[in-house]
Amino acid sequence: LRREDALRRLRGAIDTFYGRRFEYVCAQYVTATESCRWCGRWWGKVPVIGDDGEKLRDEQGKVVTENADVDLVAEVYRGDMIAVLMGECKFSRRMCGIPEFRELERRAGMAKMGGENIEYMMFSREGFRSDLLDFAEERPDLRIRLVSMDDIRAWASGAAR
């Protein structure tokens, strides 16, 4: 087995390994920078949405589902209130934009129990495209926090002292 072939075979496992470690670091960041009641993740089955925005159905009319997850879910104190923080941790080699936020928003909608005070936090290894940066700034009502590797490095260097 050549070295290149071995690396190609292991790439998926390596990416999964580092992606999970990144999620762990993001959870540490949240518990260190927020007043958390608890912090974890969510996964479950969600309906598959078609291009028309409607739930896809099979031949028998049953809603088609897929497994989905929210990388980071935390209850955080906001004064006398509790907010539910929904986070996505992207360790990919692409910058995150509005489509990644919309996917988090969709999954968070499936995960919440109803009526919670929702906030969003997106972590990205490669940073954020201008469309998402502008959108987050223009829509403060959505409470979107974007956390870059520079933010994590600054926190980690301060936490190490």
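The following conversation walks through a predicted model of one protein, from its overall build to a few single residues.

Visitor: In what order do the elements of the protein run from the N terminus on?

Guide: The predicted model has four helices and five strands, and its C-alpha atoms fill a box of roughly 60 × 60 × 30 Å along the principal axes. Read from the N terminus on, these elements run α-β-β-β-α-β-α-β-α.

Visitor: What percentage of the contacts between residues at least 6 apart in sequence join residues at least 24 apart?

Guide: The protein has 161 residues, of which 34% count as buried. Among the contacts in the protein between residues at least 6 apart in sequence, the share that joins residues at least 24 apart is 64%.

Visitor: Which strands stand at the edges of the sheet?

Guide: The five strands form an open sheet with mixed pairing, in the order β1-β2-β3-β4-β5. A strand at the edge has a single partner strand, so one side of that strand is left without a neighbour in the sheet, and this holds for β1 (36-47) and β5.

Visitor: By how many degrees are neighbouring strands of this sheet turned against each other on average?

Guide: Strands of a sheet pair through backbone hydrogen bonds, either parallel or antiparallel. With direction ignored, neighbouring strands of this sheet are turned against each other by an average of 30 degrees.

Visitor: Which residue of β2 is the bridge partner of Trp38?

Guide: Strand β1 and strand β2, which covers residues 65-78, pair in the antiparallel sense, and ten bridges join them. Within this pairing, the residue of β2 that bridges to Trp38 is Glu75.

Visitor: Which residue takes a positive phi in the hairpin of β2 and β3?

Guide: Strands β2 and β3 run antiparallel and are joined by seven bridges, and Leu72 has Gly87 of β3 as its bridge partner. In the hairpin of these strands two residues lie between them, and the residue with a positive phi, near 65 degrees, is Gly79.

Visitor: In which sense do β3 and β4 pair?

Guide: Of the ten residues of β3, seven are buried, so this strand is largely enclosed by the rest of the structure. The bridge partner of Leu85 in β4 is Glu119. Eight bridges connect β3 with β4, and the sense of their pairing is parallel.

Visitor: Which strands does α3 touch where it packs on the sheet?

Guide: Helix α2 also packs on the sheet, touching β1, β2, β3, β4 and β5, and the direction of α2 makes about 140 degrees with that of β4. For α3, the direction makes about 140 degrees with that of β5, and the strands touched are β4 and β5.

Visitor: Why are the buried residues of α3 on the same side of the helix?

Guide: In helix α3, which spans residues 130-138, the buried residues are Leu132, Phe135 and Ala136. They lie on the same side of α3 because the arc they cover around the axis is only 95 degrees. The buried residues of α3 pack against α2, β4 and β5, while the face turned away from the buried side carries the exposed residues Ser130, Glu137 and Glu138.

Visitor: How many nonpolar residues does the contact of α2 with α3 have?

Guide: The axes of α2 and α3 come within 8 Å and cross at roughly 55 degrees, which makes α2 oblique to α3. Helix α2 contributes Ile98, Pro99, Phe101 and Arg102 to the contact, and α3 contributes Asp131, Leu132 and Phe135. Sorted by class, the contact has no polar residues and two charged ones, and the number of nonpolar residues is five.

Visitor: Is Pro47 buried or exposed?

Guide: Pro47 lies in strand β1, and, leaving aside neighbours within four places in sequence, Pro47 is in contact with Lys55, Val63, Val64, Thr65, Arg106 and Met110. Residues under 20% relative accessible area count as buried. The relative accessibility of Pro47 is 12%, so Pro47 counts as buried.

Visitor: What value is phi of Arg143 near?

Guide: Arg143 sits in the loop between α3 and β5, and its relative accessible area of 34% makes it partly exposed. Most residues other than glycine have a negative phi. Arg143 is a residue other than glycine with a positive phi, near 50 degrees.

Technical notes. Residues are numbered from 1 along each chain as its sequence is written. This is a predicted model: local features need pLDDT of at least 70, side-chain atom pairs count only at pLDDT 80 or more; totals for chains, interfaces and linings use all residues. Side-chain values use heavy atoms; hydrogens and water are left out. Buried means under 20% relative accessible area, exposed over 50%, partly exposed in between (1.4 Å probe, protein chains only). The arc is that of the directions from the helix axis to the C-beta atoms. Contact means heavy atoms within 4.5 Å. Axes are lines fitted to C-alpha atoms, for helices over the stretch in contact, and angles run from 0 to 180 degrees between N-to-C directions. Angles under 35 degrees count as roughly parallel, over 145 as roughly antiparallel, 65 to 115 as roughly perpendicular and the rest as oblique. Ala, Val, Leu, Ile, Met, Phe, Trp, Tyr, Cys and Pro count as nonpolar, Asp, Glu, Lys and Arg as charged, and the others, Gly among them, as polar. Two strands pair if DSSP finds at least two bridges between them.
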